[in-house]
Structures are given as C-alpha cells and as structure tokens.
Amino acid sequence: MIRNKCERIFTFIFVILLLIFIIFLCFRKKTVTIQNTTEALDTVITVKLSSDSLSENELNEVSLKLFEEINRLSLIFSATDENSELFKLNNSKHGTPYPVSDELFDLFEISLKYAYLTDGAFDITLGKLINIWDITGDEKQVPSDDAILPLKKLENYKDISLDFKLKTVTYNDDFDVNLGAIAKGYIGDKVKALAKSLGVSFGTINMGGNILAIGEKEGGKNWNIAITNPKEPSSYFATVSVKDKCVVTSGNYERYFIKDGKRYHHILDPFTGYPSENGIVSVTIIGDNSATCDALSTGCYVLGLEKSLELINKIDGYDCILINENGDYFTSGGISKYNLDIK
Ligand code: ADP
Ligand code: MG
C-alpha cells in the first residue's frame with residue numbers, strides 16, 4: 001500500500017519534471033545566424049552574425065547598421081573622395097592647425113604611434129608617393145626615378161603635430177596623408193564593438209585581408225581562419241584557430257600590376273619609394289585590436305623578416321606569421337596558442 005503510494009508520487013514528480021523540460025525546450029531562444037555582403041573600402045565585406053536574443057529580421061537590420069557605419073567612417077578617412085574629411089584636411093593650408101572629428105584625430109594618434117614604433121616603415125604621409133604609383137589605376141605605369149626621388153625618405157610622420165586639447169592636426173611640411181594601411185583595421189574595431197552592442201553574440205567580420213572574430217563559435221569552439229597562399233591566392237597557406245581576435249594580412253597579391261614581367265604591388269617602402277622588396281610576400285598579424293594588426297602588418301611587410309620578428313616578439317598580445325617568396329614561413333614566439341596548421 002505504502003509502496004504503491006510512493007510509486008505514484010515518484011511518477012507524478014517525474015511527469016512534472018518532464019513537462020518542465022519540454023516547456024523549457026519549446027520556449028528556449030534559438031540561436032539565429034545570418035550572412036550579408038557589401039562592397040566598401042575597395043573590397044568585399046562579409047558579416048556572419050549570430051544572436052541568442054535577436055530574430056532573423058533584427059539581425060539583418062543589425063548588418064545594415066554595420067554597413068552604414070562602414071560607409072560613414074570611410075567617408076571620413078578616404079584619401080580620394082573629395083567630400084571626405086581627410087581630403088579636406090590634405091587640401092587645407094599646411095602649417096595651420098586644422099580641427100578634426102574625434103574619429104579622425106583618434107586614427108591620427110594611433111597611426112603616429114605605429115609610425116614611430118616601426119621607424120617609419122608604416123608611414124601615413126606617403127599620400128603623394130601612393131598617388132604617383134596609382135597601383136590600381138588604369139595607367140599601370142612605373143613612375144620615373146625623377147618623380148620618385150623627391151618623395152622618398154621624407155619621414156613626414158615626424159612633421160605632424162596633434163593638439164590633444166583642441167583636437168587639431170597640423171601638417172608642418174608639404175605632404176598628403178593616406179590612411180589606406182590602417183583605416184580598414186580601425187573601422188573593423190568600431191564595427192565589431194557596434195555589433196556586440198546591438199545584440200550580436202558571436203560571428204565574423206571579413207573585410208578582405210582583415211578578419212575579425214566576434215567571441216567564440218557556438219559550443220565554445222574556436223574559429224578557424226585561413227591565411228591566403230600568396231603564390232596562389234585562391235587557395236590557402238595555413239589556418240589559425242582563434243577566439244575573439246583579429247587576423248590581418250598584408251600581401252603582395254592584394255593589389256598589383258605586372259610590367260615587363262615584374263610585379264609592382266601596393267605596399268611601398270618609404271625609404272626607396274618603390275614597392276617593398278625584401279623577400280617577404282605576406283605578413284599576418286594576430287591580436288585583439290584590428291587597427292594595431294593592420295598598421296603592424298603593413299609596417300612589418302616593409303621592415304622585413306628579422307626586424308619584424310624582433311618587433312612583434314616585444315609587443316604583448318600580438319603574434320605574426322611571415323611568408324617569404326620561396327614559401328618558407330616564420331613566426332613570433334607566441335604563435336603556438338593559435339594552432340597554426342600549415343597546408
Ligand atoms: P590592404 O589595403 O590590402 O589591406 P595594407 O593594409 O597593407 O593592405 O595597406 C596598403 C595600403 O596602404 C596601400 O594601398 C597604400 O594606400 C598604403 N600604403 C602603402 N605603403 C604604405 C606604407 N609603407 N605605410 C603606410 N601606408 C602604406
Ligand atoms: Mg595594413
């Protein structure tokens with residue numbers, strides 16, 4: 001009799017627990033994932049976003065907001081758009097303090113930090129040199145030595161002064177600024193922060209050679225990020241495995257033209273005035289901040305193997321993979337944590 005009663009109570013509790021479990025499964029928010037693509041910053045940008053709290057429509061709206069933000073910021077940093085803030089600054093009277101937006105000031109500050117850190121290998125004051133090379137233009141001409149000579153070894157980053165109180169920038173010499181080597185990285189950081197604030201739980205932002213992982217993959221897994229094979233850009237050289245990090249690559253296969261059998265690419269050595277030629281053909285930097293990764297990937301490309309490894313090994317939280325023209329690769333000391341897998 002007592003046994004029977006106990007059995008009934010247990011069955012009752014079991015049924016109740018089962019019901020609670022079923023209700024929990026039915027009402028549990030499912031993870032929603034979307035993928036959208038746009039063209040901006042001279043590249044294809046793809047965002048893959050997942051959320052535990054937003055609907056598919058809401059996530060699609062978020063991706064549109066991210067694309068709007070990319071367009072808003074590129075209109076500040078563009079060196080070619082006549083309406084951009086940078087274009088106006090470049091065309092303002094040099095030698096006079098010029099008031100700029102917080103974002104432009106911020107990017108100047110970061111850029112100068114990395115110009116000094118790389119001894120001018122990364123230098124935002126190459127505007128005129130970049131223009132005469134016009135790597136992606138229709139002409140595809142190697143500029144004459146006479147045109148290059150006055151534009152090399154100028155180290156004009158030393159001729160920029162920033163007023164932190166008044167938020168002004170002063171060009172103390174005759175040069176133009178081009179932020180092409182860092183703007184995409186800076187914009188990536190802003191867009192990632194915006195995505196998180198709008199309810200994105202995890203995902204990836206792919207901006208050409210710049211990839212930003214938001215959080216970790218579903219189930220606490222790492223993201224596998226491919227590093228392009230510089231010899232065959234449609235295939236990949238290696239993968240790295242990351243959580244919430246940026247992986248930024250500068251390579252000689254991104255933008256270039258071939259003239260008389262020689263490749264002229266878009267990363268210029270400020271000291272020769274020519275595309276950087278030191279045997280390195282690809283530099284990948286991994287770290288938390290994509291503006292930093294972007295500046296360092298361009299700077300290290302120009303610095304070459306030894307100086308780059310020495311520099312990156314000194315910077316806490318940042319690692320690198322350099323590939324030379326023979327397909328040999330070289331890494332900073334901390335790379336093992338990213339499970340580098342060479343194909
Ligand atoms: P990508 O634009 O392919 O991501 P990078 O981040 O390396 O590649 O930036 C290269 C761009 O930066 C060039 O197209 C040019 O506008 C500019 N640039 C070229 N050489 C330098 C340099 N030594 N320092 C700073 N900017 C550079
Ligand atoms: Mg760069």
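**Ground rules.** Since the model is predicted, I kept local features to pLDDT of at least 70 and side-chain atom pairs to pLDDT 80 or more, while totals for chains, interfaces and linings use all residues. Residues are numbered from 1 along each chain as its sequence is written, chains are lettered from A and ligands numbered from 1 in the order in which they are written, and side-chain values use heavy atoms, with hydrogens and water left out.

**Ligand 1.** I started with the shell, taking a residue as near if one of its heavy atoms lies within 4 Å. There are 19 residues around ligand 1, and Ala 121, Ser 250, Leu 268, Asp 294 and Thr 298 come nearest. By class I get nine nonpolar, five polar and five charged residues; Ala, Val, Leu, Ile, Met, Phe, Trp, Tyr, Cys and Pro count as nonpolar, Asp, Glu, Lys and Arg as charged, and the others, Gly among them, as polar. Helix 8 (residues 290–303) gives the most to this shell, with three residues. Helices here are DSSP runs of H or I with at least four residues, strands are E runs of at least two, and both are numbered from the N terminus.

Next I looked up polar contacts (N or O pairs within 3.5 Å). A polar backbone atom of Leu 268 is 2.8 Å from a nitrogen atom of the ligand. For Ala 121, a backbone N or O atom lies 2.9 Å from a ligand nitrogen, and for Asp 123 the backbone distance is 3.0 Å. Alone, ligand 1 exposes 570 Å², and the protein buries 94% of that (Shrake-Rupley, 1.4 Å probe).

**Strands.** I then turned to pairing, which needs at least two DSSP bridges between two strands.

- One open antiparallel sheet has three strands in the order 8-9-16. Its edges are strand 8 (223–228) and strand 16 (341–342), each pairing on one side only. Strand 8 meets strand 9 (residues 236–242) over six bridges, and I found Trp 223 partnered with Val 242.
- Another open antiparallel sheet runs 3-5-4, with strand 3 (98–99) and strand 4 (160–163) at the edges. Four bridges join strand 4 to strand 5 (residues 168–171), with Ser 161 partnered by Thr 170.
- Strand 11 (residues 256–259) and strand 12 (residues 262–265) pair antiparallel over four bridges, and Tyr 256 stands opposite His 265. Their hairpin has two residues between the strands, and Asp 260 takes a positive phi near 50° there.

Methods:
A polar contact is a pair of N or O atoms within 3.5 Å; within protein, one must be able to donate a hydrogen and the other to accept it, and residues adjacent in sequence count only if both atoms are side-chain atoms.
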